[in-house]
Amino acid sequence: MSKELIRLVNCSMAFDGEQVLDHIDLYINDSEFLTLLGPSGCGKTTTLRIIGGFLTPLEGEVLFDGVRINDIPPHLRQVNTVFQRYALFPHLNVFENVAFGLRLGRKVEGQKKKERIPEEEIRERVMEMLEVVSLKGFENRRITELSGGQQQRVAIARALVNRPKVLLLDEPLGALDLRLRKDMQSELKRIQQQMEITFIYVTHDQEEALAMSDTIVVMDQGRIQQIGTPEDIYNEPKNAFVADFIGESNILDGVMHEDFVVEFFNRKFKCLDKGFAPMEPVDVVIRPEDVDIVPPESGQLRGTVTSVTFKGVHYDTIVDFKGFKWLIQTTDFHDVGETIGIVLNPDDIHIMHKSQYSGLFGDYSSYSEEYDEIGDVAKLDEEEGAQDE
Amino acid sequence: MNKRGLFAVPYVIWMGLFVVAPILIMLVYAFSTAGGGFTLDNFLGMGDYLSVFGRSFYLALIATLVCLLIGYPMSYWMAREGARFQKVAMLLIMLPMWMNFLLRTYSWMSILENNGLINQFFRAIGLLDALGVDHIQMIRTPGAVVLGMVYNYLPFMILPIYSVIVKLDRSLLEAAADLGASAGQVFRKVILPLSLPGVVSGVTMVFVPSVSTFAISRLLGGGTQMMLGDLIEQQFLGGAYDPQLGAAISMVMMAIVVVCMTVMNHFGEGEEQAVML
Amino acid sequence: MKRQERLGSRLLIGLVFLFLYAPIVFLIVFSFNAGDSSAVWRGFSLHWYAELFQNRLIMESVYTTLLVSILATIISTIAGTFAAIGLYSLGRRKRDALLAVNNIPMMNADIVTGVSLCLFFVAFFQGWGGFAKWFNGVQSLVELPTRLHLGFTTMLLAHIAFNIPYVILNVAPKLRQMDRNLIDAAQDLGCTWMQAFWKVVVPEIKPGIVSGALIAFTMSIDDFVISYFTAGSSTSTLAMTIYGMTKRRITPEINAVSTLLFLSVLVLLLANNIREARLERRRELGAAPRRRPVPALLQNKWFHRGAAAVAACALAAVILFLHDATASRPVVNVCSWGEYIDTDLIDQFEEETGIRVNYQTVDSNETLYSLLKSGGADYDVIVPSDYMIALLIAEDMLEPLDYQKIPNFAKIGDRFKYLSYDPDNLYTVPYTWGTLGIIYNTAMVEKEIASWRDIYSDDYAGQVLLINNSRDALGEALLCLGYSVNTTDEGEIRAAYELLADATRRGVFQGKVMDEVFQTMEGGNAAIATYYAGDYLTMLENNEDLAFVIPEEGSNWFVDAMCVLKDAPHYEEAHQWIDFMASTEASLANMDFIWYASPNEEALAAYPAYYEELYEEPLDQELYEIMATPPEVLERCEVYEYLPPETRTLYNDLWIKLGI
């Protein structure tokens, strides 16, 4: 892995006495695509704004290339931001928006005054950047004449033209529709690889995070819940929150009898986890797509189907096991009221230590509400942005 | 036209009667003699009043400039205060407007008089004796007229500028800083151009009433500072009855105002968002 | 924001507010002044508040202001809202064109709007006069008034005209933001169009309507210029009253009324703010606003409509009643000069005859003439000076009097009858007479002033007040040069003009004043002025240092006489008024109040005794002779005579030229 570029040491932040960041430690490597993922109010935007220089942490340090930058204002940082709603200058056209940073001149070592960049170079760099974001030919358009996706690209070009070491992206795709979002995801990934710089990306959309990131930082309540590659995060969630937030999970109470043996529903299952204290209560995570449905008589557990929803590729089937409702994703259709059996393989069972989140997630009794929550996130996030001073 | 469009009909008639017709009648007056014949004399003879035109524009321009110099920073700083502060400040700015402006101007009369509050104060602290004068002449000077204009029309400058600045997307300012602009550059390159529509409507809202005032120049200028408004008033309700000439001067003033506004609006496109509150 | 910067910005904001509020605070403080000066504090008193409620002129103008503002706000809000809705359902092209026209009154200077509306009304009245005469001629069922005047109605129309654009401007953005499907949705759910309008559109655009109404009200309250040009002379808003007063003397009652207005606005705003804050707090606490149970009756929509109808009727009734109270009684409209009557006489006349007196003032003959010409006045009785009477007679603007109805005319001295301006004495009953002279402050002027030359000399540069009407100002200069005040020789008049222009260039004159002279001279704010003898005596009461002299070159002596205007609607009442004012009792009271000599010989002779009885001290003979100038002095003085049109035009042109 390449060298470390940014490090947050023990950073805390609060607004109006409300703790938003709770002693965060985080390092970010050069040229990596790092995603801050979490629900609204988790502190991800705050973290981003601290790196951007719009906020100064109340406690802790921000290091850039090993140098403390807490008190360096945004315009002197080698970091650029793509804002949530782009923040394009309405009084300038596409070209001038992109050229904005260049026209301010560049720093020369040892001199206080910035040096003017020649018009020719500005033109060259802007056009080059517009080409990178596939907006060639749009340079004289007014901002208001662009579609959301095009505005998005202008915002990216404007930030990148300054050749920052790090690009910060604050929910950049939030305002786009689904199709465009998918396109822009691969576009962003392509640009990041082409430019070979660090992207720090804030989102509440776990799918987006999984698809684009080298590293994902899952945050909640101002704390980092887990840092890891997308695969790590998905396959080995550290606690009930991560398990629930990344993908769908059934989370049950269990007891770790010994290494590789866990008990839940009064039954012992084989698993691949070890290192727990004997008889330690744990959270057990079972991904809905990992459950195999078998005839009732050959199942390890038996339950009754309470609802079925067709999802295209699979059916979301809710099955009642002794009052605990599981979500099972299966390609086979089982009608409501049918009794079915299931089989769990050892590698389908993930064991986690108990945490503050235990018991909060993973029951599908109120199935539809879980889905709704995700829809609300975007709206709440805007409020989070607004309260920042 | 659909059914709702019918609501517009009475208003169109109303506008025809009370907006268009009066201006047309004024136009007719401007080109007639007292006897009713056609003439251009009303316009040709206007050269005599060049100095009045000059004084009006000069004083109004100064007043507008002063309003801008006070009003812009005021609006800018107000917009950066907390919501509660802003609300109270806005109320305080609007409040005097519910007292008729003549009352406020009248108050200045007694403050600026030769034996008024300010001169009394200067006398009390011995400044007048030190200068060896009986009083400092303030009322009946061009300065007093400008003061009256600034005092009365300052809110008209603050309101539109403030309402534009307060609506500025904060993320634009952050974006500029992020792209390397220092505080000064953010102001010059983003805030200033974006608040231009507010400035334009503020400037017109101060300049137009200033250039045409007659009450302020009469009260604070004491008849020594004849302005366009006084000249027009003289022709209708004052000592020199000549409505034809008055109409002609009004027409010229209207034309100049229209030209000024067209030029101004050219600078601040998207003016609509900026107009009042 | 950094702390230092914040401190600096707050300091600026604070200073601006200080600037905005200092004059208002000053105004309020001096409303509690025991003295009648607006600059010198003489102790605390509520005296002026008591006076205020006695002052009919101010109270009526407050009432007029509020009435016109409220009516204009209501009407223009409703009309503007519908107009905005109408405009927004038109095509873009049409709408933009109409909005451009809509913007004209907002863009135009107030004075242009005011002048154009004034001309429009006058043109309409002329057209109407012809129509009404024809109409009354061809049928006898309905009698249309043939003479219309500027007044409350025209002012209200003007206010509505300049308010509607503001309402539209505020409602329009809300309409634009409104989802166009809302009305469809409401109709889809079973609303009629009207219901959809009331239940969906109105609530949706309500903020726009409210702010539109608020701005309309603010504009109306704050307006002076447009009212001034469209209200004529019979209606007066508070602003117009103040403007009229600034020309002579602003009484501290104005401070009192401003204080009351300001405080009531303040209270309203505070109440509203507290209410809002309370609502907000409740919202923050998460509690739904508690509702008191509402009786079923109050929820019935028919009850609502009924209540609204009753309220509307009540409002209409109040307005009509007030209108009635002022209109159905016999009225006489009188126009005179400022401080030119003992106001008790008005009350006395009203009591005796039951005729309501609508008493107005203007400040010069020239202004009066302009008002009459522009159709802004609906006076019955006017009191112009000699030369103006001659002009009005020449232009056939006066009605011959019926002297049978004015028995007191017999008491008028013969020397005041059959004068040059009315050689057959068909139109006039003299009201006062007097002289023009120099008033100077002996505390500021060391030597004794004896000649007109002194007012043009550099000795008192910047301390001299020039009289602000062409006839007197040029007349003084003519006298100074040894010419007649009635000369028609252009060379002589131009020479007089040059004398004035030269003095102006040298900065001799502090300003040009008419009735402003009272306050300025009394306050010691100028050393020398030229004005009328009677007014000098009034000033003397307030400043003992003032002296009066009729210069050696002679001066003007004038007669102001009561006349009735052509086609005056209250011909009978006008005669009663004239007779009343010519009576010996009224003349005595008036003389004592205004210090102008009466032409009533009986009163003139009786005045010293009257004075002694009233004040228990003998009348100073010197002062009496200033008021009733003795014949030997009068011999030095000339009466203004009628000037031919060419000379009048020359006067006007030179006068304007002097002003610029």
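Student: Which residue in E17(A) stands opposite Thr304(A)?

Tutor: Asp320(A) stands there. This is a predicted model, in which local features need pLDDT of at least 70, side-chain atom pairs count only at pLDDT 80 or more, and totals for chains, interfaces and linings use all residues; side-chain values rest on heavy atoms, without hydrogens and water. Residues are numbered from 1 along each chain as its sequence is written, while chains are lettered from A and ligands numbered from 1 in the order in which they are written.

Student: How many bridges join E16(A) to E17(A)?

Tutor: Strands (E, at least two residues) and helices (H or I, at least four) are DSSP runs, numbered from the N terminus. Two strands pair if DSSP finds at least two bridges between them. Strand E16 (residues 301–310) of chain A and strand E17 (residues 315–321) of chain A are joined by six bridges and run antiparallel.

Student: In what order do the strands of this open sheet follow each other?

Tutor: In chain A the order of the five strands is E15-E19-E16-E17-E18, with antiparallel pairing. E15 (292–294) and E18 (324–330) of chain A are at the edges with a single partner strand each, so one side of each has no neighbour in the sheet. On average, neighbouring strands of this sheet are turned by 45° against each other, direction ignored, with axes fitted as lines to C-alpha atoms.

Student: Is strand E14 of chain A largely enclosed or largely open?

Tutor: Buried means under 20% relative accessible area (1.4 Å probe, protein chains only). Strand E14 (residues 280–286) of chain A has six of its seven residues buried, so the rest of the structure largely encloses it. Seven bridges link E14(A) to strand E11 (residues 250–258) of chain A, running antiparallel; Asn250(A) has Ile286(A) as its bridge partner in E14(A). Five bridges link E14(A) to strand E20 (residues 349–353) of chain A, also antiparallel, and Met352(A) in E20(A) stands opposite Asp283(A).

Student: How much area do chain C and chain B bury between them?

Tutor: The size of an interface is often given as the accessible area lost when the parts come together. Here the buried area (1.4 Å probe, summed over both parts) is about 9800 Å², 72% of it on carbon and sulfur atoms.

Student: How many salt bridges does the rule find across this interface?

Tutor: The rule asks for a side-chain nitrogen of Lys or Arg within 4 Å of a carboxyl oxygen of Asp or Glu. Three are found between chain C and chain B. One salt bridge joins the side chains of Arg104(B) and Asp222(C), at 2.8 Å from N to O. Helix H1 (residues 3–30) of chain C gives the most to the side of chain C that touches chain B, with 15 residues.

Conventions: Buried < 20%, exposed > 50% of the residue type's maximum accessible area, 1.4 Å probe, protein only. Axes fitted to C-alpha atoms, helices over the stretch in contact; angles between N-to-C directions. Buried area = accessible area lost by both parts, 1.4 Å probe.
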